[in-house]
Amino acid sequence: MPDYQQMYLTMMRATEKALNILIEAQQKCEEVYLSDEGPELKLLSFKQPDETRT
């Protein structure tokens, strides 16, 4: 008869390892995203429409 407890524990350990790998990858991606300065932003000014025109 198979040892179901051993099978369960093996599966749970592998699942925990897989989750930890995914969490670590996500954290690294978040660090890369937050450390990026992003594009240079420029503020454009527009002339106000002439209010005397009707």
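Is Tyr4 buried or exposed? Tyr4 is exposed, because its relative accessible area is 53% and the cut-off for exposed is over 50%. The views below start from this residue and move along the chain of a predicted model.

View 1. Tyr4 belongs to helix 1, which covers residues 4-35. Together with Met1 and Met7, Tyr4 makes a nonpolar surface patch. The area of this patch is about 460 Å². Look for the three side chains of Met1, Tyr4 and Met7 when you find this spot.

View 2. A salt bridge between Glu24 and Lys28. Here Glu24 pairs with Lys28, and their closest N and O atoms are 3.3 Å apart. That distance counts as a salt bridge because the cut-off is within 4 Å. How exposed are the two partners? Glu24 is partly exposed, with a relative accessible area of 42%. Lys42, beyond the helix. Moving on, we reach Lys42 in the segment after helix 1. Lys42 counts as exposed, with a relative accessibility of 68%. How far apart are the C-alpha atoms of Lys42 and Ala14? They are separated by 50 Å, while the two residues lie 28 residues apart along the chain.

**View 3. The whole chain, for orientation.** The protein chain has one helix and zero strands. Its radius of gyration is 28 Å, well over the 10 Å that the globule rule gives for 54 residues, so the chain is more spread out than a compact globule. Along its principal axes, the C-alpha trace spans about 95 × 30 × 5 Å. Buried residues make up 0% of the 54 residues.

**View 4. Surface and charges of the chain.** The protein chain exposes about 6,300 Å², and carbon and sulfur atoms supply 59% of that area. How many positive and negative side chains are there? The chain has 6 positive and 10 negative ones. The centres of these two sets lie 5 Å apart.

Note on methods: Residues numbered from 1 in each chain as written. Predicted model: local features only at pLDDT ≥ 70, side-chain atom pairs only at ≥ 80, totals over all residues. Heavy atoms only, no water. Helix = DSSP H or I, 4+ residues; strand = E, 2+ residues; numbered from the N terminus. Rg over C-alpha atoms; globule rule 2.2 N^0.38 Å. Buried < 20%, exposed > 50% of the residue type's maximum accessible area, 1.4 Å probe, protein only. Areas by Shrake-Rupley, 256 points an atom, 1.4 Å probe, with all protein chains shown as cover. Lys, Arg positive; Asp, Glu negative; His and termini not counted. Charge placed at Lys NZ, Arg CZ, Asp CG, Glu CD. Patch = residues over 30% accessible without salt bridge, like charges linked within 9 Å, V, L, I, M, F, W, Y side chains within 5 Å.
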